[in-house]
Structure formats: structure tokens, C-alpha cells
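I opened this entry to keep track of what I looked up. My notes follow the order in which I went through the model.

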Amino acid sequence: MATIDFQTRVIEKSFEKPVVVDFWAAWCGPCRTLGPIITEMADAAGDSWELVKVDTEANQELARQYQVMSIPNVKMFHKGEVVAEFQGALPKSQIQRWLDTHLPSVEKAQLQALLEAARDSYTEVSVGGFRAFALTQVAMQEAQVFRWWFESIHAPEEALAWVKSQPKVATYADSYDDIEALATLCSIELPAEGTFGEAMRAAVHALQKYDLETGMKQLVQAVMLNKKYHQELPRRAMIALFHLFGEQHPMSKKFRPHFNMALY
């Protein structure tokens, strides 16, 4: 495939629908294993996505341009950009999981918009809007994970029960740990007296009142006062908040340096 064909068949076409590109070579054994599987899946997908195969021997410049270091290498293009990729001859079930995770959809766009609103404003209204959406998308695991991440603060007992009911798959293992940490923080009986107890209780109260700044500030204080409490719960809860709201959130940027200093 010439470069100009790649521009037409992949870049331009990806503005109409996702294009999955299989970078392969005739001498590559794993490529010969993967090729028929992904071709069969593309045929069965109908018009939802398109498969383009690129022989890296005939298109070495394209392989260098897209940093194809080993093959088979499969990249998904959407709106002109690489949005996901994997290497190696994965079994059909794992390829399907990869497609389900990364193929764009109206529902995924809604999820991202509502999630960004809930993170940016963190109010009862914005979190409630995300919750309402998640309740209509029970089969979308990403929506459920983020729903219970928020619920870990506002409905901690239910969040703990949900985490315990989930299969322990690697994809969401860290998220489950974060939900468990926040839900534990917001559900256990905290120390009644002392500066540490006051900081912990103030953190929980602030988070449940949608006051993220005060919640993070008090958790950092708690980390400084007692790093080992309840299997390092203050530290784990703070990390869960960084993960939930994202490292680029203004409150994450504000309190990450203070948190890092409190650890040492």
C-alpha cells in the first residue's frame, strides 16, 4: 500500500468510521495467526469499522512513521488519530474485548461528557447526572466503575458490596482498589479525638458535601499525622481521589506536591 493510499483509506476514512490497521509481514509467523482472525471479525462487524492491512516490508516508511517496532501491530484510527493499539497475536476473545473498549459510540461520548462535568464541577447535580446515565448503561463496565467511584463517597456501604461482587480482572483492578479505599474511609468509625481524627472526619464531611478542596486538604493533613492508620488508608484514599478526578484537575495539581511532601 502506497502512502497516498494510506491517507485515503485510513486517515480520511477514519473520519467516517473507525479504521483498524493490521501492520504485518509475510515472514512473520504470529502475523499469519492473527490475520485470518481479525479479517473474520472485520467481515462480521459489518459497517461499524473497517480493516486495512499494511505490509511493513513494502511500506517501511509508514511503519517508521507510526513507530511499528514489532509485528503484528494493530492500531485503531479515529478522526485521523491513533486511539488504541495492541501488539502480538491475541486470541479472538481478547481482540473483541479491545474492540469493545476502544470503538467509539454515542454512549461512550455521553459517558465522557458527563464524567468530565462531574469531575470539573463536582456538585450534587453533576454527579447525579452521571449516576442517572450509568443506571441506563448497566452493561457498560466503565460507566459502572466511575459510578461506584463517586458512590464510594456518598453510598460507601453499597460501593463496598459492589466491589466485592465484581470479578477480579486486571483491567479494573486498580479502580476497584480505589473504590474500596474511598468507601472504607467514608464508612468506618474514625478516631473520635485528636488532631488526626479531626482531620479524617473533616475530610469525609467535606467530600460528602462536594467540597473537594477541603477534603483533599484535610486528607493531606491526615497523611502527615498518621501514615500507617488502617493500612495507610489516608494515603490510599488520596491516591483514589487523584485517579478519580485526574492528575490535570486543578485540585490534583494543587495538592499533589503537598501530598508527595507529606509522604516523606
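I took helices (H or I, at least four residues) and strands (E, at least two) as DSSP runs, numbered from the N terminus. I am working with a predicted model, where local features need pLDDT of at least 70, side-chain atom pairs count only at pLDDT 80 or more, and totals for chains, interfaces and linings use all residues. Residues are numbered from 1 along each chain as its sequence is written, and side-chain values use heavy atoms, with hydrogens and water left out.

**Entry 1: Glu198.** I found Glu198 in helix 10, residues 194-208. I checked its exposure (buried is under 20% relative accessible area, exposed over 50%, partly exposed in between, with a 1.4 Å probe and protein chains only). Glu198 is partly exposed, at 49% relative accessibility.

**Entry 2: Thr184.** Thr184 belongs to helix 9, residues 173-185. Its relative accessibility is 7%, so I noted Thr184 as buried. What does Thr184 contact, leaving aside neighbours within four places in sequence? I counted a contact when heavy atoms lie within 4.5 Å. Thr184 touches Leu160, His230 and Leu233.

**Entry 3: helix 5 and helix 7.** I took axes as lines fitted to C-alpha atoms, for helices over the stretch in contact, with angles from 0 to 180 degrees between N-to-C directions. The axes of helix 5 (residues 106-121) and helix 7 (residues 141-154) come within 11 Å and cross at roughly 15°. Helix 5 is therefore roughly parallel to helix 7 (angles under 35 degrees count as roughly parallel, over 145 as roughly antiparallel, 65 to 115 as roughly perpendicular and the rest as oblique). On the helix 5 side I listed Leu111, Gln112, Leu115, Ala118 and Arg119; they meet Glu142, Ala143, Phe146 and Phe150 in helix 7.

**Entry 4: aromatic rings.** Rings of Phe, Tyr and Trp (its six-membered ring) pair if their centres lie within 6.5 Å; planes under 30 degrees apart count as stacked, over 60 as edge-to-face and the rest as tilted. By this rule I have 14 aromatic pairs. One of them, Tyr122 with Phe245, is edge-to-face, at 5.2 Å centre to centre and 85° between the planes. This pair links distant parts of the chain, 123 residues apart: Tyr122 is in the loop between helix 5 and helix 6 (124-135), and Phe245 is in helix 12 (residues 229-245). Tyr122 is buried at 3%, and Phe245 is buried at 4%. Tyr122, Phe130, Phe150, Tyr210 and Phe245 make up one aromatic cluster.
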